[in-house]
Amino acid sequence: MDKLEQIFALQQQFQDKLKRERNLQDVPMEQWLQKQTLAMVSELAELLEEVNFKWWKNPHPLHEEQIREEITDLLHFLVSMCIEAGIS
């Protein structure tokens, strides 16, 4: 199993648990993808904040761990959307 297959398998396990524990099994794909897209937009905004996109402000020190966390969150949401849309 390559790393991408592992990522998909782990995300599927997480997603199954999340849906079961939060009673989300009946959320239609369209709604799931809408919510995941909105979550990704939010994560992108957080990533932008971390990398000093506001050129009109004094830059702050980069927090590499926080940058990695935001990128990881984006990956989780993207893989989740792939799974819901039937992309393997």
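**Aromatic pairs and salt bridges in a predicted model**

Reader: How many aromatic pairs does the count come to?

Author: This is a predicted model, in which local features need pLDDT of at least 70, side-chain atom pairs count only at pLDDT 80 or more, and totals for chains, interfaces and linings use all residues. Residues are numbered from 1 along each chain as its sequence is written, and side-chain values use heavy atoms, with hydrogens and water left out. Rings of Phe, Tyr and Trp (its six-membered ring) pair if their centres lie within 6.5 Å; planes under 30 degrees apart count as stacked, over 60 as edge-to-face and the rest as tilted. By this rule the number of aromatic pairs is two.

Reader: Why is the pair of Phe53 and Trp56 classed as it is?

Author: The ring centres of Phe53 and Trp56 are 6.3 Å apart. Their planes stand at 85°, so the pair is edge-to-face.

Reader: Is Lys19 buried or exposed?

Author: Lys19 meets Glu84 in a salt bridge (a side-chain nitrogen of Lys or Arg within 4 Å of a carboxyl oxygen of Asp or Glu), at 2.5 Å from N to O. Buried means under 20% relative accessible area, exposed over 50%, and partly exposed in between (1.4 Å probe, protein chains only). At 13% relative accessibility, Lys19 counts as buried.
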